[in-house]
Amino acid sequence: MTTTQFPSAAGRTAVAAALAEDASGNDITTAWSVPEDLAATAEVRTRQRGIAAGLPAVAEVFAQVDPEVEIEASVADGARLTDGDVLLRLSGPARSLITGERTALNFLQRLCGIATLTDRYVQAVSATKTRILDTRKTAPGLRALDKYAVSVGGGRNHRLDLAEMVLLKENHIAAAGGVTAAIEAVRRGMARSGQTVEVDVEVQTVAEAAEALDAGARWIMLDNMPLADIEQVVKIRAGRADAPRILLEASGTVRLDSVRAIAETGVDLISVGALTHSAPALDLTMLLTTGPAPCPT
């Protein structure tokens, strides 16, 4: 499943937890230093190039902090940003703007950073047939938002959770007694449950990949394989009558400087954990731009 729309329910839950963590209802610094009746406006700007993602999260932050805050978006999620671009303009009680600032920026910087890094990987494999996937290596409690940001950056989502599809990893295979045994066990489990889901099988060697193919696997993850081995598996698939129905996915320590070469082997998918576990936050700032002025009564 690819999350192409902002996950509003997950956003509300994540924002509520973040505001509670920040004790936003008891911001003593702001309460003691900022006049209660002061109105202000603010702008959120970027200090570097990137991809906008997570603007609805900012709206959710201020909706929970103070519904009187008004927000005007200057760009939409997915927009390409240059240094100095304005993403949002806000107006309302100064106290509310300041109290919500850090939480809003935390969400926006993280999601813009994920979208920006994803875009770099997507651009690196342009003009190939390969698509970039994320993983479950997301921040606890933020998975839906992290995966949304990946989709904004042009990537695709792998499984959202453990119930969405089968992914036979090396520990499952070891516990089941081998690649073929694990695949057969999953088929029996699906039959008992009455469910039909995608099955992705992780392998580490060409021999394991060939075994998975002979066992009828239709989605095979080539984990940490050298390029030569990946190319060999691609050739094995090409020689099979069912080749058009088989997906090959590469994974494992994929970097920006290596992803193009992996794509050029002919794999269909490359999963990249770094998209969500190592994306640097986009450098954003929010500054009050006007005030003081009394709040309307």
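User: What relative accessible area does N224 have, and which class does that give?

Analyst: Relative accessible area tells how much of a residue is left uncovered. Buried means under 20%, exposed over 50%, and partly exposed in between, with a 1.4 Å probe and protein chains only. N224 has 45%, so N224 is partly exposed. Before we go on, know that this is a predicted model, where local features need pLDDT of at least 70, side-chain atom pairs count only at pLDDT 80 or more, and totals for chains, interfaces and linings use all residues. Residues are numbered from 1 along each chain as its sequence is written, and side-chain values use heavy atoms, with hydrogens and water left out.

User: How high is the mean pLDDT of the protein chain?

Analyst: pLDDT is the predictor's confidence in each residue, from 0 to 100. Here the chain's mean is 96. A value of 70 or more is reached by 96% of its residues. Watch residues 292–297, though: pLDDT stays under 50 there. For that stretch the model has eleven contacts beyond four places in sequence. A contact means heavy atoms within 4.5 Å.

User: How many helices and strands does the protein chain have?

Analyst: Helices (H or I, at least four residues) and strands (E, at least two) are DSSP runs, numbered from the N terminus. The chain has eleven helices and twelve strands. Its C-alpha atoms fill a box of roughly 75 × 40 × 25 Å along the principal axes. Of its 297 residues, 47% are buried. Take the contacts with a separation of 6 or more: 74% of them join residues 24 or more positions apart.

User: Which residues touch the most other members of the largest nonpolar core?

Analyst: A nonpolar core is a set of buried Ala, Val, Leu, Ile, Met, Phe, Trp, Tyr and Cys residues joined through side-chain atoms within 4.5 Å. The largest one here has 81 residues, and V201 and I270 touch the most other members. Helix α4 (residues 94–124) gives the most to this core: twelve residues. Look at I270 in the structure. Leaving out residues up to four places away in sequence, I270 touches T130, R131, I132, L133, A250, V254, V259, I262 and A263.

User: How many aromatic pairs does the structure hold?

Analyst: Rings of Phe, Tyr and Trp (its six-membered ring) pair if their centres lie within 6.5 Å; planes under 30 degrees apart count as stacked, over 60 as edge-to-face and the rest as tilted. The structure holds one pair. The ring centres of F6 and Y148 are 5.3 Å apart, and their planes meet at 90°, so this pair is edge-to-face. F6 lies in the segment before α1 (8–21) and Y148 in helix α5 (residues 143–152), so the pair ties together parts 142 residues apart in sequence. F6 is buried at 16% relative accessible area. Y148 is buried at 6%.

User: Is α5 mostly covered or mostly uncovered?

Analyst: Mostly covered: eight of the ten residues of α5 are buried. They are L145, D146, K147, Y148, A149, V150, S151 and V152. Their cover includes α1, β2 (50–51), α4 and α11 (274–277). Just after α5, G154 takes a positive phi of about 100°.

User: Which residue makes a polar contact with the side chain of S251?

Analyst: A polar contact is a pair of N or O atoms within 3.5 Å; within protein, one must be able to donate a hydrogen and the other to accept it, and residues adjacent in sequence count only if both atoms are side-chain atoms. The partner is D223: the two side chains are in polar contact at 3.0 Å. S251 sits in strand β10 (residues 247–251). It is buried, at 9% relative accessibility. Beyond four places in sequence, S251 is in contact with M221, L222, D223, N224 and S271.

User: Back to N224, then. Where is N224 found?

Analyst: N224 is in the loop between β9 (219–223) and α9 (227–238). Its phi is near 55°, a positive value in a residue other than glycine. A127 also has a positive phi, near 70°. A127 lies in the loop between α4 and β6. At 82% relative accessibility, A127 is exposed.

User: Where is S126 found?

Analyst: S126 is in the loop between α4 and β6 (131–133). It is partly exposed, at 35%. A polar atom of its side chain lies 3.0 Å from the backbone oxygen of Q123. S126 and R260 are 134 residues apart in sequence, yet their C-alpha atoms are 8.5 Å apart in space.
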